[in-house]
Amino acid sequence: MPKLNENYLNLKESYLFSEIAHRVNAYTAAHPDKKVIRLGIGDVTLPIGSEVISQLHKGVDALSKAETFKGYGPEQGYDFLREAIVSYYQQNGVAIEANEVFVSDGAKSDTGNITDLFDKDNIILIPDPVYPVYVDTNIMNGRHITYIDATIENNFLPMPDHNSHADIIYICSPNNPTGAAYNKEQLKEWVDYALANNAVILYDSAYECFITDPSLPRSIFAIEGAKKCAIEFCSLSKTAGFTGTRCGYTIVPMNLKFTTSNGSNLSINAMWNRRQTTKFNGVSYIVQKGAAAVFSPEGMAQCKKNIQYYQGNAQIIADSLAKKGIRYFGGVNSPYIWFECPNQMDSWEFFDYLLNHAQVVGTPGAGFGKNGQKFFRLTSFGNHENTIEAMKRMESLF
């Protein structure tokens, strides 16, 4: 009889978004005549831009001819896409190298898989509230997690405690779920802390494309010293609507090295390369053709237009909450709006109330941690008409 990984017993009974889907499906089955508006899960609704679609078709066509057929590709990603990502970083004032770029099927996969590189005895520091994947993947590996509170008092941007030690630090900015974004000075303090503690920062920048404030960094590598202590994860899911197409990338600097138990230096870039070439066969050529088009002038213009559409939805939600006197956060530099549940409700209580009385679906803050118990998250990824209708329904309740 095999011995099982019993760390799975320490997980919550259901992944947050699976529980949401279960409750919504039960409601719609019981009330088939009710139109449910979903502003919960962060899935986009606008179609992929025409420039990307054109290149996806070219990728398909290439596979139909012997002279252009592609089989197995490089696990790290095709050079044409890696170089396009390098150029994108350069446009944002950040210098990286192509061999530091690893193309993947999304930031969710990589933020989970990166734990393969680290021993289970590391001290893990994770903000609360937080994207559940960070927590669950470490629980699966049997690691002990230390939480740092993100609250109204610190604007949901916790800063390091210089009297405590951590080995692995998770930062998401702009943040999911709170919408808060660190400025350069704040990130510099985190980088300095990581360097002083010989720690690594796992930096999730999946929502960097929503940053409109030019003073806010779109990459942690805009911070001096970060290449010696940080790994950055990004995704085209929100940038270009690739939630179903699946493509992201992880930046692992060549300068990121740590000392092993025998005193030698080990490159994290080399380790991740070894992990990927062993466990991952790469993103399809077709998808990578489309992904490269995202970073073209035409592709970026089309992506920006879609992002502005979602930013308009965020403004609709924010204006509605402000009208009802509900305190909210995010919505600027972020696709997420994080707000206090009305009438002192708990977040799952508010979820059920909103579903049953307004047929609107959001995400209970409790699913992101104890500090989310009294908060709720809405996303801006619906269409304008549904967003307007959802907020009218909500306004009628309070």
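Rings of Phe, Tyr and Trp, the last represented by its six-membered ring, are taken to pair if their centres lie within 6.5 Å. In the predicted model described here, one aromatic cluster is formed by Y207, F210, Y309, Y310, Y336 and F381. A search of the whole structure finds 26 aromatic pairs.

A pair of aromatic rings is described by the distance of the centres and the angle of the planes. The pair of Y78 and F80 is stacked, because the ring centres are 5.4 Å apart and the planes meet at 15 degrees, where stacking requires planes under 30 degrees apart. Y78 has a relative accessibility of 11% and therefore counts as buried, since the limit for burial is under 20%. F80, with a relative accessible area of 33%, is partly exposed. The rings of W338 and F375 are likewise stacked, because their centres lie 5.4 Å apart and their planes are at 5 degrees.

The charged end of K70 sits over the ring of Y285, at 4.9 Å from the ring centre. In a second case, the charged end of R82 sits over the ring of F102, 5.8 Å from its centre.

The largest pocket holds about 460 Å³ of space. It is lined by 21 residues, of which G42, K108, Y131, Y207 and K238 are the closest to the pocket centre. Y207 is also a member of the aromatic cluster. The greatest contribution comes from α4, with three residues.

The structure holds zero disulfides. C172 takes part in none, and the nearest cysteine sulfur, that of C234, is 10 Å away, whereas a disulfide would require sulfur atoms within 2.5 Å. C172 counts as buried because its relative accessibility is 4%. C229 is in no disulfide either, the nearest cysteine sulfur being that of C172 at 17 Å. With a relative accessible area of 0%, C229 is buried.

Definitions and conventions:
Residues numbered from 1 in each chain as written. Predicted model: local features only at pLDDT ≥ 70, side-chain atom pairs only at ≥ 80, totals over all residues. Heavy atoms only, no water. 1 Å grid on protein atoms, 1.4 Å probe; cavity = no way out; pocket = protein on both sides within 12 Å on 5 of 7 lines; lining within 4 Å. Points joined across faces, edges and corners; volume = space filled by probe spheres on them. Helix = DSSP H or I, 4+ residues; strand = E, 2+ residues; numbered from the N terminus. Phe/Tyr/Trp six-rings, centres within 6.5 Å; stacked < 30°, edge-to-face > 60°. Buried < 20%, exposed > 50% of the residue type's maximum accessible area, 1.4 Å probe, protein only. Lys NZ or Arg CZ within 6 Å of the ring centre and 35° of its normal.
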